[in-house]
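Dear colleague,

Please find below the structure that I am handing over to you. My findings follow directly after it.

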Amino acid sequence: MKISVNNKEYTVEVDGNPSLLEVLREQLDLTGTKYGCGEAACGACKVLVNGTPTPACITPVTSVQGKQVLTIEGLETEGKLHPVQQVFLEEDVFQCSYCAPGMIMTAVALVENQKAMGEQEIIDGMNGNICRCCTYPAIVKALHKLTQTETKG
Amino acid sequence: MKDTLNNQPDTMKKPDPEKGISRRKFFKYMGTGIATYFVWTDYLASEALFPGENAQAVPDQLSSWIHVSETGAITVYTGKVEVGQNIRTSLTQVVAEELFVPVSAITLVMGDTQLTPYDRGTYGSLTTPQMAPILRKAAASLREILLQEARKEWNLGEVELTLEKGTVQHPGNGKKLGYGSLAKAKHLLQPMDENVKTIHPDKWKVSGTSVGKINGEDFITGKHRYVSDRVLPDMVYGKVLRAPVYGAKLLRADTTRAAELPGVQVVKEGDFIGVTAANSRTAAMALAMIEAEWEKSPQVPGNQLFEHLEESAGNTDPVPAAVTDAFSNATTKVAHDFKVSYIAHVPLEPRAGLARWTGDQLEVWTGTQRPFGVQEELEHAFSIPKEKIRVYMPDTGSGYGGKHTGEAGIEAAKLAKATGRPVKVNWTREEEFKWAYFRPAGLIRVKAALTGNRISSWEFHNFNSGGAGISSPYSGQNNYQEYHRSDSPLRQGSYRALASTANIFAIESIVNDLAGMARTDPMQFRLDNLEDERLKAVIKAAGKSFGWNRKKVSANHGFGMACAAVKGGFVATFAEVAVDPDSRELKVLGAVTAFECGAILNPRHLESQITGCVLQGLGGALFEAVEFNEGNVSNAFLSSYRVPRFKDVPEMKVVLVNRKDLPSSGAGEAPITCIAPAIRNAIDDAVGVKLYDLPMLPSGVVPRS
């Protein structure tokens, strides 16, 4: 079967109905997307499928046929970090950073759908993602800063 | 498949695997250059900082060093590891400061048993107080050598030279010499000068500033390879058969059907049964097809945990009569038991191990706080000398005290040995919950009495959870505390701040109750009964920021506080809660934490550690608990074991107390200890309900008194 990941076509093995997470990590060596819980409870594996944050761990790869999958590896454009990555880097939010790819992908969809968010909207939008180092306040602050800046611009 | 394991600086030559790096052989491994080193055995002779380290140190084996190559590359070797505490950043800052180079000029090689010195492990908030001063002196010593070499080069006497961005500057003609050219063709290796002049904290330009996470971009682009992400050529995925419950013994297992799956190999060694396959799903499927029969052994029922901890503790020492007499004779007194549940670390990256055998040489990549401990575990598991085992520890997806062991690495090594191929074993979340280890549960029994405004008797027993933080910081006569070892029904081990999370909850709850009985303001009561000025200072700082004396906006609001001195750090947390008058639902509105750990190395990362500690502590305070019965953990998933999320975060404030006149101590543990008692005391203040168990409110609803 062919799937499109980060604007590239890949032919992947679908015997045994693997999850999108397994295919990304084990067949395509795109290991930026993480395993955290296997039951869509932590957000570590979130990728964008046609722009919607989707837990790759419970998503059968066959269900993304004909859709656009975007992972953390495909977020930079022309060597430039996505504004969400940029603001997280500037604000130096993470500790172990294992949650970072899932956080970033969730946040990318959030800020692209909604400009000028209040802190509560950010909290509501991000609540499905766990950071066990509990860097939550820094994440909220960074995204808040980003959305305010974007509105001004 | 690609080989994604290239974490060595390219200047490195492969060291002799038979030996550690000795002074004599140094440049054979390192290439030409200038280096300073220190040796544990030398260092131990001069400072008694490292009790117990002596036995592990090998004479003449270099224990850490900083090397400047002829390209000017600066490489630091330390056995400490990075698990998200951002110690790679703060140690780099320390070295950069003394060498007058940007942090980007420095590479830290960490936690590689072949390249870095023996290290007991990265825990106990010890890296900052132990490793930072050593690296600071080693870097300063290296700087002095570079200056001396520059003087020789220019035929100068003992003149003052200035350094800038990796160059030494001529005092007269404006010429510059780069560190690389000074190191060219040299074989200069000198011990760290114990008395070298280091830069005073008042003059720090790099240390003490908020330098961003080293390699930060690799982490937010997904480029960093955690162990669970790593791939070796010809690698297969491994899974290991687990018992259905604790203490079950394998009677027999039929692996026929599993072995029939394409590409699956079954490995049986006694009670160890594992499978390998080309992908993780096939390995999991093969594992599920093993028909195993188990014999269960009697296990402790979950509802009898605390009785069991007390009963299994055995004989206890007699409590001194002065303590019991003072309690009996007092009129104002309190006695209560506290029950503390097991909780899980839940590192977001579960245990992972990758192993490769090359002949009789074993390489293991695993996320652990103790790479040298894992090397010893492997030594015992395979009966091969340590020199043949190399453990790598790439920066890992957190630990919080939960990754002191090397299970996944050992399992991968067993499977790799049997199959003759590299094997990766990534634990599932369920495995991490069930087969790692927990913060111990505990029963704490406290009796305390007051005479006037002073504590006149204090008797404190901790069954099972541990002795850390058991000593009360309060002055007063007739103190007795004892930690009783018990039989733990579940596997338990280290945790962030260890048993301090339990002991300080009990101490700070009882002290708060005593203040209430003395009709004294809880903050004033503490200040009156404490002696440590550093502890008093953080209480005052947090109290001021919180506005302790302000009026409550509503009668159902409560203020509470707690303080602690843990592992060289001083912490006070003040909390505000509201209890809904109808639903009795608790809301933690805000938490202010003041923390002091000597001279601050990186304020931004320090604040992050404090915030992270407080919020992780919030989980253990309110709702985290491992549910189990007769050896079966029943909430081994993130959908059933609740951890703090965005919506649980109260208004957070951190007050950093910077003491540049004091040595820096660690910060990854102490700030976790005070949030639970602060909330507990705030609930009491709000609605007059005193809670004694951790977690306090799994349902989120405060009981009616």
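The largest nonpolar core of this predicted model has 180 residues. The residues with the most contacts inside this core are A:Phe88 from chain A and, from chain B, B:Leu362, B:Leu378, B:Trp458, B:Leu586, B:Ile679 and B:Met696. To take one of them, B:Leu378 touches B:Leu362, B:Val364, B:Ser383, B:Ile389, B:Val391, B:Gly409, B:Ile410 and B:Ala413, when residues up to four places away in sequence are left aside. There is also a second, separate core of 43 residues, and among its members are B:Val68, B:Val76, B:Leu142 and B:Val211.

I turn next to chain A. It contains five helices and five strands, and from the N terminus on these follow the order β-β-α-β-β-β-α-α-α-α. The radius of gyration of chain A is 15 Å, close to the 15 Å that the globule rule gives for 153 residues, so this chain is as compact as a globular protein of that length. Its C-alpha trace spans about 45 × 30 × 25 Å along the principal axes. Of the 153 residues in chain A, 59% are buried. Where contacts join residues at least 6 apart in the sequence of chain A, 58% of them link residues at least 24 apart.

Chain B has 18 helices and 28 strands. Its radius of gyration is 28 Å, close to the 27 Å that the globule rule gives for 705 residues, so chain B is as compact as a globular protein of that length. The C-alpha atoms of chain B fill a box of roughly 80 × 75 × 45 Å along the principal axes. Buried residues account for 62% of the 705 residues in chain B. Among the contacts in chain B with a separation of 6 or more, 75% are between residues 24 or more positions apart. Chain B has an accessible surface of about 26800 Å², and carbon and sulfur atoms hold 49% of that area. Its side chains include 80 positive and 79 negative ones, and the centres of the two sets lie 4 Å apart.

Several individual residues of chain B also deserve mention. The peptide bond from B:Leu694 to B:Pro695 is cis, with omega near 0 degrees, and B:Pro695 sits in the segment after β28 (693-694).

Two residues other than glycine have a positive phi. B:Ala185 has a phi of about 60 degrees and is found in the loop between α5 (179-183) and β8 (187-191); with 60% relative accessibility, B:Ala185 counts as exposed. B:Asn478 has a phi near 60 degrees and is placed in the loop between β20 (454-463) and β21 (479-484). The relative accessible area of B:Asn478 is 26%, so this residue is partly exposed.

Finally, B:Leu232 belongs to the loop between α6 (216-220) and β9 (236-240). It counts as buried, at 0% relative accessibility. The C-alpha atom of B:Leu232 is separated by 6.7 Å from that of B:Pro422, although the two residues are 190 residues apart along the chain.

With kind regards

Technical notes:
Residues numbered from 1 in each chain as written. Chains lettered and ligands numbered in written order. Predicted model: local features only at pLDDT ≥ 70, side-chain atom pairs only at ≥ 80, totals over all residues. Heavy atoms only, no water. Core = buried A, V, L, I, M, F, W, Y, C linked by side-chain atoms within 4.5 Å. Buried < 20%, exposed > 50% of the residue type's maximum accessible area, 1.4 Å probe, protein only. Contact = heavy atoms within 4.5 Å. Helix = DSSP H or I, 4+ residues; strand = E, 2+ residues; numbered from the N terminus. Rg over C-alpha atoms; globule rule 2.2 N^0.38 Å. Areas by Shrake-Rupley, 256 points an atom, 1.4 Å probe, with all protein chains shown as cover. Lys, Arg positive; Asp, Glu negative; His and termini not counted. Charge placed at Lys NZ, Arg CZ, Asp CG, Glu CD.
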